[in-house]
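Please keep the sequence and the structure in view while reading.

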Amino acid sequence: MSESTLSRTAGPTPNAGLGDRLTRLLDVALLLLLLVVPWVAPSFWTYILALSLANAIGVLSVSVVIRYAGEVSIGQNFFIAVGAYAVAILQARLGVPFPVGVAFGTLLGCVMGLAFAWPSRKLSGVYLSVATLALGLCVPELLLHWTDITGGFEGINVKPNLVAGVPGGIQQFYVALGGFAIVVIALARFRHSRYGIALLTARHHAKAAEAFGMPLASVRLLVFALSAGIAGFGGSILAFASSTVSPNSFTFWSSVYLLVGSVVCLYSTKPSAAFFGGLFITLLPQLLSDYGELVEIIYGFTLFVVIYLFNIVLPHLQAAIRRKQARNGHG
Amino acid sequence: MDMANHGAGLVAKEIKLAFGGLQVLNNVSVSFPPGVITGLIGPNGAGKTSFFNCLTGLYRPNSGDISLDGRALKGVSASRRARLGISRTFQHVALSPELSVAENVQFGLHASRKSGLADALLPLPSAWSDREESRHKAIEALSLVGLSHLADVPAGGVAPGTLRLVELARAMVGRPRVLLLDEPAAGLNSSETKDLVQTLRQIASRELVMVVVEHDMDLIMQICDVINVLNFGTLIAAGTPAEVQANPLVAEVYLGAADD
Ligand SMILES: Nc1ncnc2c1ncn2[C@@H]1O[C@H](COP(=O)(O)OP(=O)(O)OP(=O)(O)O)[C@@H](O)[C@H]1O
Ligand SMILES: [Mg+2]
């Protein structure tokens with residue numbers, strides 16, 4: 001191609017590489033910091049951070065749907081409950097060890113995701129969200145219906161018995177950290193896989209994706225299998241990290257909180273951002289436990305601020321900066 | 001042309017397509033043999049893009065048959081047709097701004113890549129070789145359009161004219177049997193168009209079925225061996241560039257209109 005073409009082509013922004021390197025540095029620093037938490041922090045904080053990591057996995061399961069399909073799921077509590085109860089029931093009723101429970105919970109989450117996505121594969125936008133809402137709303141009722149296996153309102157205790165002799169709190173923390181690491185690494189790989197590429201094309205041009213071998217139905221099935229698998233996995237980890245499962249922890253509202261977590265980290269699948277999302281929705285209710293409904297108000301306010309900031313204020317600023325640069329460039 | 005050795009190419013017979021009361025394609029029969037660059041021209045709204053959509057399986061014609069090398073394509077989905085080697089570009093650039101230029105081109109290999117979901121999520125050695133290979137092919141295809149230096153730039157930051165060439169690279173990267181180009185020169189300046197003509201000549205081969213929809217008459221007359229003219233969904237003329245240019249009917253509905 002001629003030189004004139006090249007000079008008009010916008011190259012990579014000069015600081016893109018620097019930004020990438022900075023986030024990677026942040027990710028590594030975060031990991032190192034988290035690794036020593038159980039040895040330096042009081043056990044209460046170790047517990048809170050373990051829950052944050054488990055919730056961050058749930059946040060990632062929401063972000064995956066938003067990033068890769070441009071859709072919103074508010075039924076993630078269903079898949080998380082599937083994973084959590086799989087671990088709890090297998091351990092309490094059959095004495096199945098935790099790793100097997102996690103594998104089963106993840107697989108079952110995946111299968112449930114596919115079972116949901118197949119009938120709704122042609123739905124988009126509000127209609128799809130409403131379908132996920134239906135899924136989310138039925139969880140407590142289902143759990144209270146099969147009281148014999150689910151333990152009803154009381155739920156089931158999950159013993160941290162992965163490694164004999166190691167204190168439960170430490171096991172819980174490292175299982176949560178390990179689970180979180182597995183998910184972020186898998187998602188980083190997924191982004192550059194042929195499916196990651198296909199999904200990010202389909203998100204912008206569904207017809208082009210179809211013409212090259214990725215029809216919308218496959219997009220829906222893949223995204224929901226992935227998201228529900230992550231949610232099932234996250235639920236399994238959450239059950240272990242919180243040492244209990246009960247219907248109260250898996251109401252429709254927990255899906256809304258996960259959505260809040262996803263929004264505050266801008267739907268990112270990067271480690272630091274997702275961790276922040278998980279931390280935000282875990283910590284805030286703890287810090288404000290004496291103030292009751294203030295938590296919901298803050299959630300609502302934060303959502304508004306983040307969405308307003310990133311969809312209206314920032315684009316405005318960027319456009320203004322670009323106009324200014326263009327003027328300077330010509331002047 | 002040694003057609004026996006290279007199959008019949010892409011053949012459309014009596015294609016009819018209507019949207020509500022609007023008859024978009026009316027009994028269109030054309031064959032696109034391999035080794036020939038076929039032009040498809042016609043005024044705005046003539047049905048050229050819709051015809052491409054029928055060929056690629058994005059639209060289902062109300063009646064008529066399409067076959068590739070004798071294999072009937074009725075009921076074959078767009079994705080399966082991609083696997084059979086039918087590839088295309090779009091009139092309006094249809095790339096993902098979130099992906100790098102090379103990744104956009106790699107998507108052209110999606111239908112032929114075998115790596116599964118396990119490869120996508122887990123660090124398996126087989127996944128590495130598949131990724132390396134597909135990136136290598138993408139950069140090769142980008143070199144063909146002179147853009148290999150943009151491989152790692154996000155497509156969102158690339159000029160629209162350049163993106164058309166990226167789309168061309170995506171359509172070619174899988175070494176398709178059929179290449180359908182919908183206005184490849186739209187938005188290109190004259191030097192870019194000249195380069196495009198050269199690239200298209202370079203990729204034309206005895207096995208490749210190439211169809212070009214284009215409003216740039218110079219380009220069409222330069223590169224096409226055969227030209228078909230569509231007007232209001234009806235094929236009104238077909239022949240060599242000289243024949244089509246000399247056809248009074250064509251001059252009336254199309255070339256004449258362009259002179260106004
Ligand atoms: N999905 C659709 N639904 C309804 N009408 C459609 C659809 N696709 C195409 N049409 C109509 O079919 C007719 C032909 O459109 P088409 O895009 O195929 O024309 P074209 O020859 O490609 O024109 P142009 O040169 O402007 O690209 C137009 O009247 C258009 O409005
Ligand atoms: Mg068109």
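Q: How many residue pairs are in polar contact across the interface of chain B and chain A?
A: This is a predicted model, in which local features need pLDDT of at least 70, side-chain atom pairs count only at pLDDT 80 or more, and totals for chains, interfaces and linings use all residues. Residues are numbered from 1 along each chain as its sequence is written, chains are lettered from A and ligands numbered from 1 in the order in which they are written, and side-chain values use heavy atoms, with hydrogens and water left out. A polar contact is a pair of N or O atoms within 3.5 Å, where within protein one must be able to donate a hydrogen and the other to accept it, and residues adjacent in sequence count only if both atoms are side-chain atoms. By that rule, and with both residues at pLDDT 80 or more, the number of residue pairs found across the interface of chain B and chain A is 12.

Q: Which residue of chain A meets Glu98(B) in a salt bridge?
A: A salt bridge requires a side-chain nitrogen of Lys or Arg within 4 Å of a carboxyl oxygen of Asp or Glu, and three are counted between chain B and chain A. In one of them the N to O distance is 3.8 Å, and the partner of Glu98(B) is Arg203(A).

Q: How much area do chain B and chain A bury between them?
A: Contact, meaning heavy atoms within 4.5 Å, joins 52 residues of chain B to 37 residues of chain A. Buried area is the accessible area (1.4 Å probe) that two parts lose on being put together, summed over both. For chain B and chain A, 59% of it lies on carbon and sulfur atoms, and the total is about 3800 Å².

Q: Is Gln171(A) buried or exposed?
A: Gln171(A) lies in helix H9 (residues 168-191) of chain A, where helices (H or I, at least four residues) and strands (E, at least two) are DSSP runs numbered from the N terminus. Its side chain reaches the backbone oxygen of Val166(A) at 2.9 Å and that of Pro160(A) at 3.2 Å. Relative accessible area under 20% means buried, over 50% exposed, and in between partly exposed (1.4 Å probe, protein chains only). Because the relative accessible area of Gln171(A) is 6%, this residue is buried.

Q: What is the angle between the planes of Phe304(A) and Tyr308(A)?
A: Rings of Phe, Tyr and Trp (its six-membered ring) pair if their centres lie within 6.5 Å, and planes under 30 degrees apart count as stacked, over 60 as edge-to-face and the rest as tilted. Over all chains, 15 aromatic pairs are found; Phe44(A) and Trp45(A) form an edge-to-face pair, 5.5 Å centre to centre with 80° between the planes. Phe304(A) and Tyr308(A) form a stacked pair, with a centre-to-centre distance of 5.7 Å and an angle between the planes of 15°.

Q: Where is Phe232(B) placed in chain B?
A: Phe232(B) has a positive phi of about 45° although it is not a glycine, and its relative accessible area of 68% makes it exposed. Its place is in the loop between strand S9 (226-231) and strand S10 (234-239).
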